[in-house]
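Dear colleague,

Please find the structure below, followed by an account of what was found in it.

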Amino acid sequence: MSLRDSVKLPCGLVLPNRLVKAAMAELMAGWSNTPNADFVSVYEKWGQGEWGGVLTGNVQVDINHLGMPFDPALPAEYTDKARDAALVDLWARYASSCQQHGPPAIVQICHPGRQSVRIAGRRGIFAPTIAPSPIPLSVGDDWLARAIGGLVFPAPREMTQADIDAVTRKFVDTARLMADSGFSGVQLHGAHGYLIDQFLNPKTNKRTDAYGGSAAARAKFVLDILAQTRAVVPSSFAIGIKLNSADHSSASFEDTMAQIGLLAEAGIDFLEVSGGSYEDPKMMGIDQPKKSARTAAREAFFLEFATEVRRRYPSLVLMLTGGFRTRAGAQAALDANACDLVGIGRPAAVDPAFPRRLLDDSVAEEDARLPLNAVPVPFYMKLVPVRGVGAGLESSYYAGQIQRIAKGLKAVAPGM
């Protein structure tokens, strides 16, 4: 396999090469929570960057429950293209900004569940979040961390069947809007501790009804979303999913593999392997376990998990994201048969045309890379006893670089 190879998804969508700009928070939608000129600007630059595909940052399916205050979101119930023409036109400009230059754009759609910060969304700052089970988010173990966590993240209430039906419909409505607006697909965000992951994970799903108690039951929520979405979007519209590899215990590893099998049987177009949550932010490369020199040279954070998924489900189109900084590292993941698509996040926020370095054989191997330092943590932040502080700074820093690119400014790597 070569990085330059095209990849055809089961739905028929063709990605012109194997390098995919991974989803990153843009934090640009303002208080209206709608895509604006900044989205059009930065996604046009990514569209010109020779990516095989472009994944957007989170688009929340419920404006009352946002991950962060400035996430774009479905503003209300979506009816259809004719009756919501202005809304479709707004999102169509966003889709076209990227896709007019070649790479298909796929929208990551999400509900944060219990990971919705108190000031994010229109439910009110004293209203609870929702989750499969009423298990509060833990951001630290001592009393101060618990106090900070309770201040930032309201305690969730357990979702009723009516809640589950409503959220399922919002996922489907959001996918319909994206299809009607001309996007090439959606990716269900089932990782990083968000709502779909909360249902899949036995740590956060203690239900005893049809949505809990076994691996298959915990997967019912996302399988219902997938089936209902597939029924109302064009057959050529891609539906992918991002899943965690890193926050399930060894005891639930087989459950996770079984859930992947159910998604494969249901006809998912691609599966992205990532990991972590607000409680344990492995997706940001924070506190990754020590690896051998040989393993570290392969760069990817979640390579071993992806390799096992490939062994069990060889026909599943796999995307592996996290840690890629060089042509050699990306090619090594393909050579190991760990993935079909290489997801690249933070380098894309510094150089929107990063694929050009990797795909051009005239660029020497030592130049086909973009090493990045960790974002420095101010000394006073180190005193805050909250897990994920470093990851939060990383995410905010790169969102800032995305905003610079949108304004026509040059992005700056950390430490530069």
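**Findings**

Among contacts in the protein chain between residues at least 6 apart in sequence, 73% join residues at least 24 apart. Please keep in mind that this is a predicted model.

The protein chain contains 14 helices and 13 strands. Of its 416 residues, 56% count as buried. The accessible surface of the protein chain comes to about 16,400 Å², and carbon and sulfur atoms account for 56% of that surface.

As for confidence, the mean pLDDT of the protein chain is 89, and 88% of its residues reach 70 or more. Residues 283–298 call for caution, as pLDDT stays under 50 there. For this stretch the model has 33 contacts beyond four places in sequence. Where pLDDT is low, the predicted coordinates should not be read in detail.

I would next draw your attention to helix α8, which covers residues 253–266.

Which residues of α8 are buried? They are T256, M257, Q259, I260, G261 and L263. The elements against which these buried residues pack are the helices α5 (195–200), α6 (215–218), α7 (220–230) and α10 (303–312), together with the strands β10 (238–244) and β11 (270–274).

Two of these partners may be examined in turn. In α7, the buried residues are F221, V222, L223, I225, L226 and T229. They pack against α8 and also against α4 (161–180), β9 (185–190), α5, α6 and β10. In α10, the buried residues are L303, F305, A306, E308, V309 and R310. Their cover includes α8, β10 and β11, as well as β12 (318–321) and α11 (327–335).

Finally, there is a feature of the surface to consider. I119, I125 and F126 make a nonpolar surface patch of about 380 Å². F126 lies in the loop between β6 (105–110) and β7 (129–131). Is F126 buried or exposed? Its relative accessible area is 76%, and F126 is therefore exposed, since exposed means over 50%.

Yours sincerely,

A colleague

Terms used
Residues numbered from 1 in each chain as written. Predicted model: local features only at pLDDT ≥ 70, side-chain atom pairs only at ≥ 80, totals over all residues. Heavy atoms only, no water. Patch = residues over 30% accessible without salt bridge, like charges linked within 9 Å, V, L, I, M, F, W, Y side chains within 5 Å. Areas by Shrake-Rupley, 256 points an atom, 1.4 Å probe, with all protein chains shown as cover. Salt bridge = Lys/Arg side-chain N within 4 Å of Asp/Glu carboxyl O. Helix = DSSP H or I, 4+ residues; strand = E, 2+ residues; numbered from the N terminus. Buried < 20%, exposed > 50% of the residue type's maximum accessible area, 1.4 Å probe, protein only. Expected span 1.5 Å × (residues − 1). Contact = heavy atoms within 4.5 Å. pLDDT = per-residue confidence, 0-100.
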